[in-house]
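Open the model in your viewer and keep the sequence panel beside it. The stops below say what to select next and what is there.

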Amino acid sequence: MGEERYWIVHGLVSTRIHPDAGGHPSQHSLYRRYALRSGAGRDVDDLVARITAAAGLRGDAALFRDHWPATDWGDDAARLRAEAGLLADDFRPRPLPAE
């Protein structure tokens with residue numbers, strides 16, 4: 001079984017999921033979720049579930065990393081990364097909520 005790595009990039013107005021390209025988010029995003037009234041950190045579990053299921057069909061495991069670009073978040077980027085914990089620092093399976 002292989003591993004597929006994806007970046008969840010949290011911007012000010014959207015959250016995007018990019019495939020990994022040599023340790024960085026690729027230039028194109030697979031999915032984009034625009035923030036409405038709930039803010040840019042809006043839940044992306046359904047998008048993660050789609051990628052996880054597609055990787056599973058290929059016999060792979062999807063691993064995710066949360067990323068808050070400093071250019072978007074400024075001084076808050078370090079705090080947000082710390083609050084995200086291990087997912088912000090490394091590629092790990094992202095737990096989905098119980099249905």
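## Stop 1: two strands side by side

Select residues 14-19, which are strand β2, and then β3; the two run antiparallel and are joined by four bridges. Strands here are DSSP runs of E with at least two residues, helices are runs of H or I with at least four residues, and both are numbered from the N terminus. Two strands count as paired if DSSP finds at least two bridges between them. Within this pair, pick I17 and look across to β3, where Y31 stands opposite.

Before going on, note what kind of model this is. It is predicted, so local features need pLDDT of at least 70 and side-chain atom pairs count only at pLDDT 80 or more, while totals for chains, interfaces and linings use all residues. Residues are numbered from 1 along each chain as its sequence is written, and side-chain values use heavy atoms, with hydrogens and water left out.

## Stop 2: the rest of the sheet

β1 and β2 form a hairpin with three residues between them, and they pair in the antiparallel sense over five bridges. I8 has I17 as its bridge partner in β2.

Select E3 to find A61 of β4 opposite.

With the four strands shown, in what order do they lie in the sheet? The order is β3-β2-β1-β4, in an open sheet with mixed pairing. The edge strands are β3 (31-34) and β4 (60-67), each of which pairs on one side only. Turn the view to look along the sheet: neighbouring strands are turned by 20° against each other on average, direction ignored.

## Stop 3: the helix across the sheet

Select residues 45-57. This is helix α1, which lies across β1 (2-10), β2, β3 and β4 and runs at about 150° to β4. Such angles run from 0 to 180 degrees between N-to-C directions, with axes fitted as lines to C-alpha atoms, for helices over the stretch in contact.

From its first C-alpha to its last, α1 reaches 18 Å with 13 residues, close to the 18 Å expected at 1.5 Å a residue. The expected span is 1.5 Å times one less than the number of residues.

Colour D45, L47, V48, I51 and A55, which are the buried residues in α1. Buried means under 20% relative accessible area, exposed means over 50%, and partly exposed lies in between (1.4 Å probe, protein chains only). Why do the buried residues line one face of the helix? Seen down the axis of α1, they fall within an arc of 160°, so they line one face. The arc is taken from the directions from the helix axis to the C-beta atoms. These buried residues pack against β1, β2, β3 and β4.

Just after α1, select G59, which takes a positive phi of about 80°.

## Stop 4: the core

Select Y6, I8, I17, V44, L47, V48, I51, A55, A62 and F64 together; these ten residues make up the largest nonpolar core. A nonpolar core is a set of buried Ala, Val, Leu, Ile, Met, Phe, Trp, Tyr and Cys residues joined through side-chain atoms within 4.5 Å. β1, α1 and β4 each supply at least two residues, and the largest share, four residues, comes from α1. In soluble globular proteins, nonpolar side chains tend to be buried together.

Return to I17. Not counting residues up to four places away in sequence, I17 touches Y6, W7, I8, S29, L30, Y31, L47, V48 and I51. Contact means heavy atoms within 4.5 Å.

## Stop 5

Go to H24, in the loop between β2 and β3. Is H24 buried or exposed? H24 is exposed, with a relative accessible area of 52%. Leaving out residues up to four places away in sequence, H24 touches W7 and P19. The C-alpha atoms of H24 and W7 are 7.9 Å apart, although 17 residues separate the two along the chain.

Then select D90, in the segment after α4 (86-89). D90 is partly exposed at 35% relative accessibility. Beyond its neighbours within four places in sequence, D90 is in contact with F64 and R65.

## Last stop: the whole chain

Show everything. The protein chain has four helices and four strands, in the pattern β-β-β-α-β-α-α-α along the sequence. Of its 99 residues, 33% count as buried.
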